[in-house]
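Me: I am new to this one and would like to understand the words used for it. Could we go through them together?

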Amino acid sequence: MQIGMIGLGRMGANMARRLMRAKHECVVFDRNAANVEALEKEGASGAHSLEELAKKLAAPRAVWIMVPSGAPTEETVVGLSRVLQRGDAIIDGGNSFYKDDVRRQEMLKPLGIYYMDVGTSGGVWGLERGYCLMIGGDNATAQRLDPIFSALAPGTGSIPKTRGRENRKSTAEQGYLYCGASGAGHFVKMVHNGIEYGLMQAYAEGFDILRGASAKHLQAGLSYQFNFADIAEVWRRGSVISSWLLDLTSDALASDTDLSAYTGFVEDSGEGRWTIQAALEEGVSAEVLSAALYTRFRSRQEHTFAEKVLSAMRKGFGGHIEQPPAVKMKKGL
């Protein structure tokens, strides 16, 4: 298939590369011309404006957006609405708020342009591992775009099939899933990220307790000097708490046992807040996820080893770099 890719940052560029590896034709655009030129050298067709991108795509067009949520996504969607035609599709693969998806779909409906929201998980490792995709929007359009979703997804890999699913027909085992109408994909991804906050916080607090076991005020004979890197490694092997997040933690601790490269300043990208907001609207209790979000707020005032563990994991799966103090002060964080 032919597809447009807008936003060639950490994830967008690698998604284009993965699609080209699967023999799909990519027309790429980014405000940074150097990013476009880099993908052109790898076989993509470059565009230097939304108009040029639309002209290079055959109808019915499909344009995937990988830009920051909020104003950048809104501006891109509005811009595309002026150059696309009836039957074309805009795919928002960023972390947009699901209520914005519903509003944008309604905005584009009179124009006959489909708006698909696709929660995308995979971070900087997605080129090789594949991307877990949670899809919302028009079902028929999702079916038309299935070759794109299938190419981006990780596939079955070596993960054993879940018992009881033998007779179920679903793409879930391939790593992508149509979740429902407009907004459903980003709603599922929002909750996914909320859970991610809680899991990360649990690991971080656990390692902080291990570190605290050497505190001088503890009773003689009941304090310990633990090797965090080795503990993370042994937990990876046969433990019930083994996971990719633990793998990333083990990587970080192996190279920097004290995580001295991190301050413990932990940002939140919005989905955690939206998950708590949804829980409030539904009347659902979410104590762990709420505490994990509030801990990130506190990390911007005082730092513990737990927050350094969180920062290390965020860098591991998403390439998120802690902001330097001057930038934090400028943002009032």
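Me: At what angle do α11 and helix α14 pack, and how far apart are their axes?

Reply: Happy to start there. This is a predicted model, and in it α11 and helix α14 (residues 305-318) pack at an angle of about 105 degrees, with 9 Å between their axes.

Me: Why are α11 and α14 called roughly perpendicular?

Reply: Angles of 65 to 115 degrees count as roughly perpendicular. The angle here is about 105 degrees, so α11 and α14 are roughly perpendicular to each other. On the α11 side, the contact is made by W244, L245, L248, T249, A252 and L253, and on the α14 side by F305, V309, A312, M313, G316 and F317. By class, these residues divide into ten nonpolar, two polar and no charged.

Me: What makes α10 roughly antiparallel to α11?

Reply: Look at the crossing of helix α10 (residues 228-235) with helix α11 (residues 244-255): the angle is roughly 155 degrees, and the axes come within 8 Å. Angles over 145 degrees count as roughly antiparallel, and that makes α10 roughly antiparallel to α11. The crossing of α10 and α11 is left-handed. F228, A229, A232, E233 and W235 in α10 meet L246, S250, L253 and A254 in α11. Seven of the residues in this contact are nonpolar, one is polar and one is charged.

Me: How do you know that α4 and α5 are roughly parallel?

Reply: The cut-off for roughly parallel is an angle under 35 degrees. The axes of α4 and α5 cross at roughly 15 degrees and come within 11 Å, so the two helices are roughly parallel to each other. Their crossing is right-handed. The contact brings T73, E74, V77, V78 and S81 of α4 together with R103, R104, M107 and L108 of α5. The classes in this contact are four nonpolar, two polar and three charged residues.

Me: Which residues of helix α4 are buried, and what do they pack against?

Reply: In helix α4 (residues 71-81), the buried residues are T73, T76, V77, G79, L80 and S81. The buried residues of α4 pack against β1 (2-6), α3 (50-56), β4 (62-65), β5, α5 and β6 (114-121).

Me: Why is the pair of F97 and W274 called tilted?

Reply: The structure holds eight aromatic pairs. Planes under 30 degrees apart count as stacked and over 60 as edge-to-face, with the rest tilted. The rings of F97 and W274 have planes at 35 degrees and centres 4.9 Å apart, so this pair is tilted. F97 sits in the loop between β5 (89-92) and α5 (98-108), while W274 belongs to helix α12 (residues 271-282), so to speak a link between distant parts of the chain, 177 residues apart. Both F97 and W274 are buried. Ring pairs also link F97, Y98, F187 and W274 into a cluster.

Me: What makes the pair of Y224 and F226 stacked?

Reply: Stacked needs planes under 30 degrees apart. For Y224 and F226 the angle between the planes is 25 degrees, with 5.5 Å centre to centre, and the pair is stacked.

Me: How do you know whether Y224 and F226 are buried, exposed or partly exposed?

Reply: Buried means under 20% relative accessible area and exposed over 50%, with partly exposed in between. Y224 has 42% relative accessibility, so Y224 counts as partly exposed. F226 has a relative accessible area of 34%, so F226 is partly exposed.

Key
Residues are numbered from 1 along each chain as its sequence is written. This is a predicted model: local features need pLDDT of at least 70, side-chain atom pairs count only at pLDDT 80 or more; totals for chains, interfaces and linings use all residues. Side-chain values use heavy atoms; hydrogens and water are left out. Axes are lines fitted to C-alpha atoms, for helices over the stretch in contact, and angles run from 0 to 180 degrees between N-to-C directions. Helices (H or I, at least four residues) and strands (E, at least two) are DSSP runs, numbered from the N terminus. A crossing is left-handed if the near helix is turned anticlockwise from the far one by less than a right angle, and right-handed if clockwise. Contact means heavy atoms within 4.5 Å. Ala, Val, Leu, Ile, Met, Phe, Trp, Tyr, Cys and Pro count as nonpolar, Asp, Glu, Lys and Arg as charged, and the others, Gly among them, as polar. Rings of Phe, Tyr and Trp (its six-membered ring) pair if their centres lie within 6.5 Å; planes under 30 degrees apart count as stacked, over 60 as edge-to-face and the rest as tilted. Buried means under 20% relative accessible area, exposed over 50%, partly exposed in between (1.4 Å probe, protein chains only).
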